Amino acid sequence: KDLRPPVISLMLSPGLGLFMAVLVQMTIAGKSFIGGNMEIALAANLTASSRLWQDAAGIPRFSSRNCHIALVSVKTKVPSSVLPKIMSKFLDSTLQKVLPCLLCPAVDAVLNLVNAKFTTMTSEIPLGTAGTLQYALLNPPLTSETFIELDLKTILHQKEGKEVGLPMDRSSLASLPPKRDAATQLILSANFLSAELSILQTSFNLEISNNMVLGLPPLVTTMLGALIPEISRVLPPSQPVVIEMREAKAPVVTITPDKSLVQLFSTAEFWVSPSDSAPESLFVLDIHSNLEVQFAIAEEKLRLSLALQSPADAAAPHGAMGDLHHFSVFQELPLKGVLADIIHVVYVPLIN
């Protein structure tokens, strides 16, 4: 009873793992060997080392070793005149046998909690419905006097099971940001983030219709005709327009000390949807968007929030159909402002 909170000191053992010293203070109550009840107030130092290693599945593991108990003080309410020295030695030796069985399993219990975290870290993580991510140790764990380094390889799979190739661009510790005291740092490369977004890129596909663009000009053929006079006379009047956004190739993440960017390479196909006939493709624009990235940690997950940095660049239209083949080349500049507004108001929020 009266178990006080332990005082724990931890130190890293270079090349080994972890060394811990725990000061334990408690009171033990029970029947006395001289009759009646007796209480023993004791303080003991527990010292244990644990080895950090890599198991056959490539998962880091802590295993305890060399757990020792040293009695610091033992006090009883029985007067010393009643407690002969031989009994005092008997009490000490008994505690030396009992306490390791009582306290050392607690060390194993704590290490098992940490090992469970390691197992979770290396389990397969779903990336929505687009694929999976898994971490595994690339090299055995490295323990120095100030930190533990885990070199991880990332395994990305698409929904179909195909593994995504990832360049090995491992940075040296000297090139990383200075480590903060009492903090864990996870360093992720821009190549890794690009590869992860490449798995998710199909979820960026979107059809934008008139009722989705609040506060912007209506998405109708009349608006297109006003922006592009060359095609106004062949467009049916006041017909709804649908913009089909598709990712043409994998996004690219760029990280600098000043800012981080995601480049999206999209196509915007404009469709007219007359009420009395099948939808007809008008033209396709290639769009290059630069989105600034803000990073945040929430519930042990890295979250990316994107914001349109500058108006999207639109290349010359292609794929014109029907009567529009006479206007296969026209100035796309008037559309850039509308597209930038649509990307800012509709597309980027849905990606986020």
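Of the contacts in the protein with a separation of 6 or more, 58% are made by residues 24 or more positions apart; a contact means heavy atoms within 4.5 Å. The model is predicted: local features need pLDDT of at least 70 and side-chain atom pairs pLDDT 80 or more, while totals for chains, interfaces and linings use all residues. Residues are numbered from 1 along each chain as its sequence is written, and side-chain values use heavy atoms, without hydrogens and water.

The protein holds 5 helices and 15 strands. These are DSSP runs numbered from the N terminus, with helices (H or I) of at least four residues and strands (E) of at least two. Of its 352 residues, 36% count as buried. Buried stands for under 20% relative accessible area, exposed for over 50%, and partly exposed for what lies in between (1.4 Å probe, protein chains only). The protein exposes about 20,400 Å², and 59% of this comes from carbon and sulfur atoms. Such areas come from the Shrake-Rupley method with a 1.4 Å probe; for residues, only the protein chains shown count as cover.

Helix α2 (residues 190–200) is mostly covered, with 9 of its 11 residues buried. Among them are F192, L193, L197 and I199.

The whole structure contains 2 aromatic pairs. Rings of Phe, Tyr and Trp (its six-membered ring) pair if their centres lie within 6.5 Å; planes under 30 degrees apart are stacked, over 60 edge-to-face, and the rest tilted.

| Pair | Type | Centre to centre | Between planes |
|---|---|---|---|
| F62 and F118 | tilted | 6.1 Å | 35° |
| F270 and F283 | stacked | 4.8 Å | 25° |

Each pair links distant parts of the chain. F62 belongs to strand β4 (residues 60–76) and F118 to helix α1 (residues 85–121), 56 residues apart. Both F62 and F118 are buried. F270 lies in strand β12 (residues 260–272) and F283 in strand β13, 13 residues apart. F270 and F283 are buried as well.

Another ring, that of F265, has K249 over its face, at 4.4 Å from the ring centre. A charge sits over a ring if NZ of Lys or CZ of Arg is within 6 Å of the ring centre and within 35 degrees of the ring normal.

On the surface, I255, F295, I297 and L302 form a nonpolar patch with about 360 Å² of accessible area together. Patch residues have over 30% relative accessible area and no salt bridge; nonpolar side chains (Val, Leu, Ile, Met, Phe, Trp, Tyr) are joined within 5 Å, like charges within 9 Å. A salt bridge is a side-chain nitrogen of Lys or Arg within 4 Å of a carboxyl oxygen of Asp or Glu. I297 is part of strand β13 (residues 280–298), and counts as exposed because its relative accessibility is 65%.
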